[in-house]
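Let's take a walk through this model together, starting with the fold as a whole and ending with a couple of single residues. Have the viewer open as you read.

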Amino acid sequence: MGTYLYAITAAGHPLRLTGLNGVGDPAAELRTVTTKDLCAVVSDAPPELRAKRRDVAAHQGVQERLLADGAALPMRFGLVGADDAQVAAVLEQDRDSYLQRLSEVDGRREYHLKVERDEDDLLREIMRESAEVRQLNDRTRQNPGAYDDKVALGELISQEVQARQERARADIVARLAPAAVRTADVEPTKRHFLNVSFLVEREKAAAFSEAVHEEAGQRGDTYTFSLHGPLPPYSFV
């Protein structure tokens with residue numbers, strides 16, 4: 001059957017689990033696997049687990065309750081161990097690493113930021129600022145059959161887009177990083193050139209959100225900032 005994992009806490013962490021349900025249908029009963037220094041909140045793993053809304057909500061509900069009472073390491077949805085004995089063995093084996101992570105996330109939550117830029121605005125900027133792009137563009141317009149020039153133009157524009165997005169990303173992260181404890185890169189999406197998580201102290205959450213708002217205002221309407229949080233610190237576990 002397997003042991004489903006929700007979160008890892010210190011051994012002395014409050015465990016206010018009354019009224020919470022585990023994943024599965026019927027909902028699995030929550031229990032703990034403990035060692036001298038650590039505790040894992042677990043349940044039996046259902047035979048067929050899918051990311052249904054009910055199960056995702058149950059998973060996150062356990063984590064939110066634990067995080068409300070102190071540091072907890074949230075596990076990703078769907079993480080299953082062979083049995084309770086294996087979970088206990090891993091807790092003991094990686095004790096120092098888990099305790100260090102718990103110390104790092106204590107009193108902090110994750111905020112996830114995605115940024116995209118209007119493609120037409122970026123292309124206009126490239127055309128305005130790159131003489132080489134303008135020259136190649138003029139040649140292809142005057143000679144539509146100039147295949148090599150078209151290929152060169154496409155490659156040059158692609159390089160310019162990537163370089164400008166990387167500069168913008170580095171600049172945005174550098175401006176926001178002082179308001180956070182740590183950052184964690186996530187692979188950019190097709191739409192978003194910036195996809196980064198920030199670990200932020202609870203008492204500085206408002207200041208961080210304001211810093212993001214100010215940065216978005218300075219960038220203008222051609223940039224779209226999407227900030228999500230506070231979240232369990234998945235990216236820092």
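**A walk through the chain**

Of the contacts in the chain between residues at least 6 apart in sequence, 75% join residues at least 24 apart, where contact means heavy atoms within 4.5 Å. Before going on, a note on the ground rules: this is a predicted model, with local features needing pLDDT of at least 70 and side-chain atom pairs counted only at pLDDT 80 or more, while totals for chains, interfaces and linings use all residues. Residues are numbered from 1 along each chain as its sequence is written, and side-chain values use heavy atoms, with hydrogens and water left out.

Now the overall build. You'll find seven helices and nine strands in the chain; these are DSSP runs numbered from the N terminus, helices being H or I with at least four residues and strands E with at least two. The radius of gyration of the chain is 24 Å, well over the 18 Å that the globule rule gives for 237 residues, so the chain is more spread out than a compact globule. That radius is taken over C-alpha atoms, and the rule is 2.2 Å times the number of residues to the power 0.38. Along its principal axes, the C-alpha trace spans about 75 × 40 × 30 Å.

What about the surface? The accessible surface of the chain comes to about 13,300 Å², and 46% of that belongs to carbon and sulfur atoms (Shrake-Rupley method, 1.4 Å probe, with only the protein chains shown counting as cover for residues). Of the 237 residues, 40% count as buried. Here buried means under 20% relative accessible area, exposed means over 50%, and partly exposed is in between, with a 1.4 Å probe and protein chains only.

The search runs on a 1 Å grid over the protein atoms alone: a cavity is a set of points where a 1.4 Å probe fits but cannot get out, a pocket is an open set with protein on both sides within 12 Å along at least five of seven lines, and lining residues have an atom within 4 Å of a point. Points are joined across faces, edges and corners, and a volume is the space filled by probe spheres set on them.

The largest pocket has a volume of about 250 Å³. Of its 16 lining residues, the closest to the centre are Gly24, Asp25, Pro46, Pro47 and Glu48. The lining divides into eight nonpolar, one polar and seven charged residues (Ala, Val, Leu, Ile, Met, Phe, Trp, Tyr, Cys and Pro count as nonpolar, Asp, Glu, Lys and Arg as charged, and the others, Gly among them, as polar).

The second largest pocket holds about 170 Å³. Its lining includes Glu116, Arg117, Asp118, Arg191 and Thr224. Two or more lining residues come from each of β6 (108-117), α4 (119-129) and α6 (147-176), and α4 gives the largest share, three residues.

Thr9 sits in strand β1 (residues 3-10) and is buried, at 0% relative accessible area. Beyond its neighbours within four places in sequence, Thr9 has contacts that include Asp37, Cys39, Ala71 and Ala72. Ala170, in helix α6, counts as partly exposed at 42% relative accessibility. Its C-alpha atom lies 8.9 Å from that of Leu194, 24 residues away along the chain.
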